[in-house]
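Please read the following briefing beside the sequence and the model. It moves from the overall fold to single residues.

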Amino acid sequence: MKLMRSLFLVTVALSFSLSAQESGRWELDKSHSYTNFKIRHLLANVTGSFREFDAAINLDQENPSASTVEFTVQAASIDTANQKRDDHLRSADFFEVETFPTISFKSTAVKAKSKTEFDVAGDFTMHGVTKRITLPVTLLGFGKDARGNDRVAFEVETSLDRKDYGIVWNRAADQGSVLLGDDVKVSISLQFSKKKPE
């Protein structure tokens with residue numbers, strides 16, 4: 001009897017533990033998310049996006065510092081609405097997508113600045129170079145969709161120096177200037193859905 005009771009308590013505890021872990025996991029809604037960038041080209045800016053990306057978060061609403069996030073981009077999915085330019089960006093002059101197919105971020109710490117503003121530190125890897133960076137993350141809010149599923153959305157606006165990651169290609173332009181800027185402005189918006197248990 002004692003053995004059965006012990007097994008029962010262990011089963012209940014394990015079930016509760018798994019349920020608690022799963023309750024914090026959210027799936028990315030790619031149709032309502034984007035990863036965009038902007039870089040200076042001569043006098044104006046060229047904008048683009050990555051079409052293939054994925055993210056996973058484990059969200060602890062009671063203790064945000066215990067939350068985690070992982071984000072991965074397929075470098076070959078770069079799209080600036082110009083095939084020739086995109087092919088060049090995939091080449092050894094820039095992303096070298098055959099050698100370095102992914103761009104990734106994995107959080108190491110989350111610090112709440114307010115109820116909606118967070119500093120998320122983590123390891124960012126691009127073009128084979130990994131650096132510890134801190135991303136400013138804004139919580140856009142929580143809500144429910146038409147099916148009653150919980151939703152949450154976040155936004156990131158930051159700037160990266162491409163030369164820090166070994167992407168140094170450039171070309172001289174008129175009057176001593178260069179073709180491309182070094183700073184890349186990055187804009188990421190991610191919406192997640194937590195489906196109800198079946």
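Helices (H or I, at least four residues) and strands (E, at least two) are DSSP runs, numbered from the N terminus, and two strands pair if DSSP finds at least two bridges between them. This is a predicted model, in which local features need pLDDT of at least 70 and side-chain atom pairs count only at pLDDT 80 or more, while totals for chains, interfaces and linings use all residues. Residues are numbered from 1 along each chain as its sequence is written, and side-chain values use heavy atoms, with hydrogens and water left out.

**Overall fold**

- The chain holds two helices and eleven strands, and their order along the sequence is α-β-β-β-β-β-β-α-β-β-β-β-β.
- Of the 198 residues, 35% count as buried, a term that stands for under 20% relative accessible area, with exposed meaning over 50% and partly exposed the range in between (1.4 Å probe, protein chains only).
- The chain exposes about 12800 Å², and carbon and sulfur atoms supply 54% of that area, as computed by the Shrake-Rupley method with a 1.4 Å probe, where for residues only the protein chains shown count as cover.
- Among contacts (heavy atoms within 4.5 Å) between residues at least 6 apart in sequence, 54% join residues at least 24 apart.

**Strand S11 and its partners**

- Strand S11 spans residues 180-194 and is mostly covered, with eleven of its 15 residues buried.
- Strand S10 (residues 150-161) pairs with S11 in the antiparallel sense over twelve bridges, and within S11 it is Ile-188 that stands opposite Val-156.
- Strand S2 (residues 34-41) also runs antiparallel to S11, to which seven bridges join it, and here Ile-39 stands opposite Val-184 of S11.
- Strand S1 (residues 25-28) pairs with S11 over two bridges, again in the antiparallel sense, and Glu-27 has Ser-193 of S11 as its bridge partner.

- In soluble globular proteins, nonpolar side chains tend to be buried together.
- Leaving aside neighbours within four places in sequence, Phe-192 is in contact with a set of residues including Trp-26, Leu-28, Ala-55, Ile-57, Val-152 and Phe-154.

**Aromatic pairs**

- Rings of Phe, Tyr and Trp (its six-membered ring) pair if their centres lie within 6.5 Å, and planes under 30 degrees apart count as stacked, over 60 as edge-to-face and the rest as tilted; by this rule the count comes to seven aromatic pairs.
- One of them is the tilted pair of Phe-94 and Trp-169, with 5.3 Å centre to centre and 50° between the planes.
- This pair links distant parts of the chain, 75 residues apart, since Phe-94 lies in the loop between H2 and strand S7 (102-112) and Trp-169 lies in the loop between S10 and S11.
- Phe-94 and Trp-169 are both buried.
- Ring pairs also link Phe-37, Phe-50 and Phe-95 into a cluster.

- Thr-80 lies in the loop between strand S6 (78-79) and helix H2 (83-90), and it counts as buried because its relative accessibility is 6%.
- The side chain of Thr-80 makes a polar contact with the side chain of Arg-85 at 2.9 Å, where a polar contact is a pair of N or O atoms within 3.5 Å; within protein, one must be able to donate a hydrogen and the other to accept it, and residues adjacent in sequence count only if both atoms are side-chain atoms.
- Beyond its neighbours within four places in sequence, Thr-80 is in contact with several residues, among them Phe-37, Val-46 and Leu-89.
- Ser-67, in the loop between strand S4 (53-58) and S5, counts as buried because its relative accessibility is 11%, and a polar atom of its side chain lies 2.9 Å from the backbone nitrogen of Asp-60.
- Thr-68 is placed in strand S5 (residues 68-74) and is partly exposed because its relative accessible area is 43%.
- Thr-68 and Val-120 are 52 residues apart in sequence, and their C-alpha atoms are 8.9 Å apart in space.
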